[in-house]
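Hello,

Here is the structure I said I would pass on. Please open it first, then read the notes below it.

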Amino acid sequence: MNKPLLAALSALAIAGLGATPAIAAPHAAAEASTPHAAKTAQAAQAVKATVDFAGTVSLSNCSGSVIRFPGSADTDPALVLTNGHCLETGMPGAGQVVTGQSSSRTFGLLNSAGTKVATLRANQVVYSTMTDTDVTIYRTTTTYAAIKSSYGISPLTVQDTHPVAGTAIKVVSGYWKRVYSCNVDGFVYRLKEGDWTFKDSVRYTSACDTIGGTSGSPVIDAGTGKVVAVNNTGNEDGQRCTVNNPCEVDAAGNVTVRQGINYAQEIYNIPACFTTGNKLDLSASGCTLPKP
């Protein structure tokens, strides 16, 4: 797991991982030979420039984001996405699914510059698990419309299609107020870490050298601005399939260890599990999330 703060600071002191990660910056548009091409390049640049801290949140020991689904309404209660292993009552065990659990957890809402502008509060853990994936979704006491009206901040939209290898992405940590830029390197059939197994995980290219505290950060498609995954772990010491040292297992059972490489969990399958009013329905058509 991308460890919480105290463990992260220890790792920084011991391993010298405190080097400042790459900060996201708009890329200059390539020279274009026609006005149409120039406008297209400028539009693409404008989209990329919107990937900042707006809509991300900081937790007591993790990162997260205010998210909406393609079918969410402005008047729906706002949802916050982070990792299952960031759950305040402790990491869910293998095979465990938490739904409808009361919560009063708070989140620091950030603006585009990474400045905290508000404190959001949860009233429920809508869904949390570390089985097949590593997600927690909180319901807050406010709506998307109220957040927009008060702070000018819109939620991040979850992409409801599978991410694509080679896609330029940005991992935006509200905890550290840092942005990591890299690409989707590929997908892992099974990622095993201690007692937990994650399915079809996203593997980053090496530039996304995420550290403790980045757990739960949204992984954002640099072209569309949509959330395609949630950052969760990396192999720190080169160990095989242990906590903080996940290993890759292919369909034939072959194990690969990639020290220094980090991973995220896909979330494209989550929107199908939410219905009108941002209500969880694990029996909905197309919902493949693990059930209690």
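D200 is partly exposed in this predicted model, because its relative accessible area is 24%, which falls between the 20% limit for buried and the 50% limit for exposed. D200 sits in strand β11. Its phi is positive, about 50 degrees, although D200 is not a glycine. For background, most residues other than glycine have a negative phi.

N278 also has a positive phi without being a glycine, at about 60 degrees. N278 is found in the loop between β17 (274-275) and β18 (279-280). Is N278 buried or exposed? Its relative accessibility is 5%, so N278 counts as buried.

D200 comes up again in the second largest pocket, where D132, K199, D200, E266 and N269 are the lining residues that lie nearest the centre. The lining has 13 residues, and the space in this pocket is about 240 Å³. By type, the lining residues are 4 nonpolar, 4 polar and 5 charged. At least two lining residues come from each of β10 (178-193), β11 (196-204) and β16 (262-266).

Next, the nonpolar cores. The largest has 46 residues, and those with the most contacts inside it are V66, L79, F107, L109, I267, I270 and F274. Elements that give two or more residues to this core include β2 (63-68), β3 (77-82), α3 (144-151) and β13 (227-234). Which element gives the largest share of this core? It is β6, with 6 residues. A second, separate core has 13 residues, among them I169, Y180, C182 and Y204.

Leaving aside residues up to four places away in sequence, L79 touches V66, Y144, F274 and N278, among others.

Last, the aromatic pairs, of which the count is 3. One to look at is F69 with F274: the ring centres are 4.8 Å apart and the planes are at 35 degrees, so the pair is tilted. F69 lies in the loop between β2 and β3, and F274 in strand β17, so this pair ties together parts that are 205 residues apart in sequence. F69 is buried, with a relative accessible area of 4%. F274 is buried too, with a relative accessible area of 9%.

Regards

Methods:
Residues are numbered from 1 along each chain as its sequence is written. This is a predicted model: local features need pLDDT of at least 70, side-chain atom pairs count only at pLDDT 80 or more; totals for chains, interfaces and linings use all residues. Side-chain values use heavy atoms; hydrogens and water are left out. On a 1 Å grid over the protein atoms alone, a cavity is a set of points where a 1.4 Å probe fits but cannot get out, and a pocket is an open set with protein on both sides within 12 Å along at least five of seven lines; lining residues have an atom within 4 Å of a point. Grid points are joined across faces, edges and corners, and a volume is the space filled by probe spheres set on the points. Helices (H or I, at least four residues) and strands (E, at least two) are DSSP runs, numbered from the N terminus. Ala, Val, Leu, Ile, Met, Phe, Trp, Tyr, Cys and Pro count as nonpolar, Asp, Glu, Lys and Arg as charged, and the others, Gly among them, as polar. A nonpolar core is a set of buried Ala, Val, Leu, Ile, Met, Phe, Trp, Tyr and Cys residues joined through side-chain atoms within 4.5 Å. Buried means under 20% relative accessible area, exposed over 50%, partly exposed in between (1.4 Å probe, protein chains only). Contact means heavy atoms within 4.5 Å. Rings of Phe, Tyr and Trp (its six-membered ring) pair if their centres lie within 6.5 Å; planes under 30 degrees apart count as stacked, over 60 as edge-to-face and the rest as tilted.
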